[in-house]
Amino acid sequence: MASETRASGNAFLETGSASARIFERARHVLPGGNTRTTLYMAPYPPYAAHGRGSVIVDVEGQARYDFLNNYTALIHGHADPDINAAVIDQLAGGVAFAMPTEQEVALAEVLAERIPSVERVRFTNSGTEAVMMAIKAARAFTGRPMIAKFNGCYHGSYDFAEVSTKPAPAGPHGDPLSVAYSVGTPQAVLDSVVVLPYNDLEATERLLTAHRGELAAVLIDPMPRSMGLHAADRTFLSRLREITRAYGIVLIFDEVISLRADRGGMQAVLGVTPDLTAMGKIIGGGFPIGGLGGSAEVMAVFDPSTGPRAPHGGTFNANPVSMVAGLVAMQKMTDDEFDRLAHLTGQLQAGFEEVMTEAGIEGQTAGHGSLFHVHLHRRPLATYTNAFPRPQETTRLDAVYRTLLAHGIFVTPTLFGCLSTPMGVAEVESFVDAFATALHETGG
Ligand code: PMP
């Protein structure tokens, strides 16, 4: 692993470390020293210095294999030479124009060719905006005000999509309530969102039927992280497709993460085609991006020559830097690369399961393609209540995470992560070994 140290221990936690010093400065200019809630870690996180291929190096010079890849966005790891070459070329030619570019057409063509639901595309700067614009498109298309989404599922920071991101308790009729994620969310927002229980066909059908005249969209992630990366049941999803079609409700898949799982996203794996798909992360080759795609009929709400019914500006929409980075990233993801990464991820999961069995832990793994999630329990993951870790599991997971960090592995504190194309068997074996060590060191 190059010249950096991959020594064990967490140098960033030592008194007077470079990370400690940067964090001290950060506390004076960023609330709690933080500008991305997801990266919070007590007492402070390691600060990144640079990355190359499968490796991320912190400011102490400690190198770790990066199994998080900026929360799955970097499918080719860090500083991919082909993506960098395309970006450098684009930098020399200008980075943003108030004119469209051919680059946006080229990336849209690749997405339309690969993803079953995508005939037309709009680019945004984040997955949050992609979800937001998909919801606005559905409202404009149907002329209805409300949306339905699933309890406990995360879709970014748009007010309506945020409702009940934190799992809501059941209300008087046993159905999940609409609960604010951000303090001060207007009641009108909460009243505009019907919260559904994931994989529960009876309740979902009943609630959609009750609100059929008011619902513009149903928003669903076909393999949510909050469900422990357990894909939606096929029968549930197919029936959801039938019901939404029958009621004239726009079905939106949030594939911001799950697009990584397969060339055509999880919709191709599960064989269910939504009306709209929210995209992000890998389609930008590591640069800021989001996108929504869907049928020509629904996406026509954005057509400026006819109104448009859903106006959508954005100073940096389809900026050519993100477009060329995304285009190269997607072109490099050939069918063989998808297969190789899925195979490697399977080896990693088999390794985890073996290690857990040896350690006497009743655990399991989930995920698809290059995405994985480790669970320290055997409850069936299909429902939110089962998938969510119990307090003692969270404590153990956090201890395992910190021990993994000390042994050269970077992943989320919930042991969710992904592989990148620079990875091979060496990275997988290192992770499995470190996981065995972490279970040993945190056991008992
Ligand atoms: N949807 C899902 C499923 C996500 O995981 C995320 C971000 N992790 C988003 C939407 C929002 O994307 P972004 O962070 O690019 O705004």
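Leu 229 is a buried residue, its relative accessible area being 1%. In this predicted model, Leu 229 sits in the loop that runs between β7 (215-220) and α9 (234-247). Its phi angle is near 70°, which is a positive value in a residue other than glycine.

Ala 79 also has a positive phi, near 50°, and is likewise a residue other than glycine. Its place is the loop between α2 (69-72) and α3 (81-92). With a relative accessibility of 41%, Ala 79 is classed as partly exposed.

## Cis peptide bonds

The peptide bond between Ala 42 and Pro 43 is cis, with omega at about -5°. Pro 43 belongs to the loop between α1 (18-29) and β1 (48-52).

A cis peptide bond also connects Gly 307 to Pro 308, where omega is about -15°. The loop that holds Pro 308 lies between α11 (296-299) and α12 (320-332).

## Surroundings of the ligand

The residues around the ligand are Ser 126, Gly 127, Thr 128, Tyr 154, His 155, Gly 156, Asp 221, Asp 254, Val 256, Ile 257 and Lys 281. By class, this shell comprises three nonpolar, five polar and three charged residues.

A polar backbone atom of Thr 128 is 2.8 Å from an oxygen atom of the ligand. A nitrogen atom of the ligand lies 2.6 Å from a polar atom in the side chain of Asp 254, and the side chain of Lys 281 places an N or O atom 2.9 Å from a nitrogen atom of the ligand. On its own the ligand has 390 Å² of accessible area, and the protein covers 80% of it.

## Salt bridges across the chain

The whole structure contains 15 salt bridges. One of them pairs the side chains of Asp 80 and Lys 332, with an N to O distance of 2.8 Å. This pair joins distant parts of the chain, 252 residues apart, with Asp 80 in the loop between α2 and α3 and Lys 332 in helix α12. Asp 80 is buried at 9% relative accessibility, whereas Lys 332 is partly exposed at 27%.

A further salt bridge connects Asp 175 and Arg 206 at 3.0 Å, N to O. The partners are 31 residues apart: Asp 175 is in the loop between α6 (159-162) and α7 (187-191), and Arg 206 is in helix α8 (residues 201-210). Asp 175 is buried, with 13% relative accessible area, while Arg 206 is partly exposed at 37%. Arg 378 and Glu 362 also form a salt bridge, their closest N and O atoms being 3.7 Å apart. Both lie in loops, Arg 378 between β12 (371-375) and α14 (384-387), Glu 362 between α13 (335-358) and β11 (364-366). Arg 378 is partly exposed at 48%, and Glu 362 is exposed at 52%. Elsewhere, shared partners join Asp 80, Asp 82 and Lys 332 into one network of salt bridges.

Key. Residues are numbered from 1 along each chain as its sequence is written. Side-chain values use heavy atoms; hydrogens and water are left out. A residue is near a molecule or strand if one of its heavy atoms lies within 4 Å of it. A polar contact is a pair of N or O atoms within 3.5 Å; within protein, one must be able to donate a hydrogen and the other to accept it, and residues adjacent in sequence count only if both atoms are side-chain atoms. Accessible areas come from the Shrake-Rupley method with a 1.4 Å probe; for residues, only the protein chains shown count as cover. Ala, Val, Leu, Ile, Met, Phe, Trp, Tyr, Cys and Pro count as nonpolar, Asp, Glu, Lys and Arg as charged, and the others, Gly among them, as polar. Helices (H or I, at least four residues) and strands (E, at least two) are DSSP runs, numbered from the N terminus. Buried means under 20% relative accessible area, exposed over 50%, partly exposed in between (1.4 Å probe, protein chains only). A salt bridge is a side-chain nitrogen of Lys or Arg within 4 Å of a carboxyl oxygen of Asp or Glu.
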